[in-house]
Amino acid sequence: MGLIMHAGSNNKNVYKTLIVAEYVGVEIKMAENFQMGVSNKTPEFLKMNPIGKVPVLETPEGPIFESNAIARYVARLKPGNSLFGSSPIEYGQIEQWIEFSTLELDANMRGWALPIFEHATYIKSAEERYIAAVKRGLGALNTHLASHTFLVGDCVTLADIIMTCNFAMCFKYLFTKSFTSEFPHVERYFWTMVNQPNVSKILGEIKQAEVLPPIPSAKKPETKPKSEPKKEVKKEQTPMPKPESEAAIEEEEAPKPKAKNPLDLLPPSPMVLDDWKRLYSNTKTNFREVAIKGFWDMYDPEGYSLWFCNYKYNDENTVSFVTMNKVGGFLQRMDLARKYAFGKMLIIGNEPPFKVKGLWLFRGTEIPKFVMDECYDMELYEWTKVDLSDEAQKERVNQMIEDFEPFEGETLLDTKCFK
């Protein structure tokens with residue numbers, strides 16, 4: 001058996017590996033008759049990836065999932081290539097730009113794109129934050145590329161392939177010329193990359209977006225006049241082309257947004273979440289006496305619930321900035337719950353591996369289903385409901401809210417608040 005890729009063909013996360021395969025001279029076959037939402041739910045697929053995401057590479061030694069991991073594996077199949085650089089420092093810088101592309105750019109580009117392709121609810125304030133974050137990342141990249149043709153060294157590396165694939169769909173659908181003109185070195189870099197023979201063979205011809213597609217959830221329905229003399233036959237309109245829903249922008253099948261969030265239908269609660277967030281933000285002194293006391297005075301156990309979370313893979317948190325970026329990406333992807341949640345995330349320890357633990361306040365007595373369904377990070381944590389009858393657990397809540405240190409006997413490397 002050779003290498004078999006399980007995913008739909010129109011998927012930028014598949015393109016990463018197919019381009020790498022061109023550079024190292026490895027053949028990869030696409031799984032026959034793969035159907036997103038069907039094939040990835042079969043028992044056979046779930047044995048390869050228990051959470052059913054694509055892509056998955058089937059190898060003679062066993063399966064590999066997560067697109068960057070797959071690309072790294074294929075890049076190492078033929079020793080002596082330049083995709084990992086020519087020295088330890090170049091290897092480190094290549095990994096640095098892969099992380100940057102994934103956490104600073106791709107996560108925010110996804111957040112911007114998903115509502116446009118009807119995979120998430122459109123929230124104007126969230127869109128503004130995503131666009132600002134994308135511009136910040138592009139600005140940093142533009143500065144670097146002002147004096148570099150490629151990200152690292154003088155030839156294409158794995159970092160360039162991953163960066164280009166993350167950009168491809170955005171240049172097609174989001175990055176208009178007026179948008180990218182602020183980042184001329186990024187423009188030059190992207191067009192240089194997509195015209196590399198091994199890249200263009202996989203990505204094909206790319207035309208830059210001329211206008212942004214409309215936000216479907218922001219469209220207003222047309223109002224018909226009360227009386228019409230006769231019905232007109234409507235001409236068919238060509239819809240705005242968009243990526244296949246099977247993961248051209250994301251690695252999993254995204255659910256369609258519901259017309260109304262079920263949490264908005266819950267009975268009114270005496271606790272007003274914005275009041276708590278305001279109290280938290282404005283309390284600068286006597287935090288325990290003012291903010292913590294105020295929280296418990298406001299807290300409504302019938303309308304809200306408190307949850308501890310613990311990252312399942314803390315032994316992998318060996319690099320401080322990667323761990324902090326991982327948590328930051330999680331909070332960005334939680335934007336869809338900003339109206340219904342408050343959270344504190346603690347990165348614990350002064351030496352690796354670092355521990356990631358958190359406290360979350362959610363509207364309702366359970367973790368909202370739409371959060372579990374739409375934010376894939378939730379599956380990376382163990383969730384435990386706070387037992388309010390246990391004074392030790394209540395004190396733990398207090399300490400997490402106020403960033404008490406030492407926390408459980410250890411120093412805090414960093415804390416992040418979702419509000």
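Strand β1 (residues 3-6) runs parallel to β2, and 3 bridges join the two. The model is predicted. These strands belong to an open sheet of 4 strands with mixed pairing.

- The edge strands, β2 (28-30) and β4 (62-65), each pair on one side only.
- On average, neighbouring strands are turned by 25° against each other, direction ignored.
- Strands pair through backbone hydrogen bonds, in either a parallel or an antiparallel way.
- β1 and β3 run antiparallel, joined by 3 bridges.
- β3 and β4 also run antiparallel, with 4 bridges between them.
- A hairpin links β3 to β4 through 2 residues.

**Residues across the strands**

- Ile-4 stands opposite Lys-29 in β2.
- Ile-4 also stands opposite Glu-58, a residue of β3.
- Glu-58 in turn has Pro-63 of β4 as a bridge partner.

**The largest pocket**

- The largest pocket has a volume of about 1300 Å³.
- Its lining counts 39 residues.
- Nearest the pocket centre lie Glu-66, Thr-102, Tyr-311, Lys-326 and Leu-380.
- Helices α1 and α3 return here: along with α4 (88-116) and α12 (320-333), each supplies at least two lining residues.
- α4 gives the largest share of the lining, with 8 residues.
- By class, the lining holds 16 charged, 14 nonpolar and 9 polar residues.

**Aromatic pairs**

- The count comes to 32 aromatic pairs.
- One of them joins Phe-330 and Trp-360.
- This pair is tilted, with 5.7 Å from centre to centre and 55° between the planes.
- Phe-330 lies in helix α12 and Trp-360 in strand β7 (residues 355-363), so the pair ties together parts that are 30 residues apart in sequence.

Terms used:
Residues numbered from 1 in each chain as written. Predicted model: local features only at pLDDT ≥ 70, side-chain atom pairs only at ≥ 80, totals over all residues. Heavy atoms only, no water. Pairing = 2+ DSSP bridges. Axes fitted to C-alpha atoms, helices over the stretch in contact; angles between N-to-C directions. 1 Å grid on protein atoms, 1.4 Å probe; cavity = no way out; pocket = protein on both sides within 12 Å on 5 of 7 lines; lining within 4 Å. Points joined across faces, edges and corners; volume = space filled by probe spheres on them. Nonpolar A, V, L, I, M, F, W, Y, C, P; charged D, E, K, R; others polar. Phe/Tyr/Trp six-rings, centres within 6.5 Å; stacked < 30°, edge-to-face > 60°.
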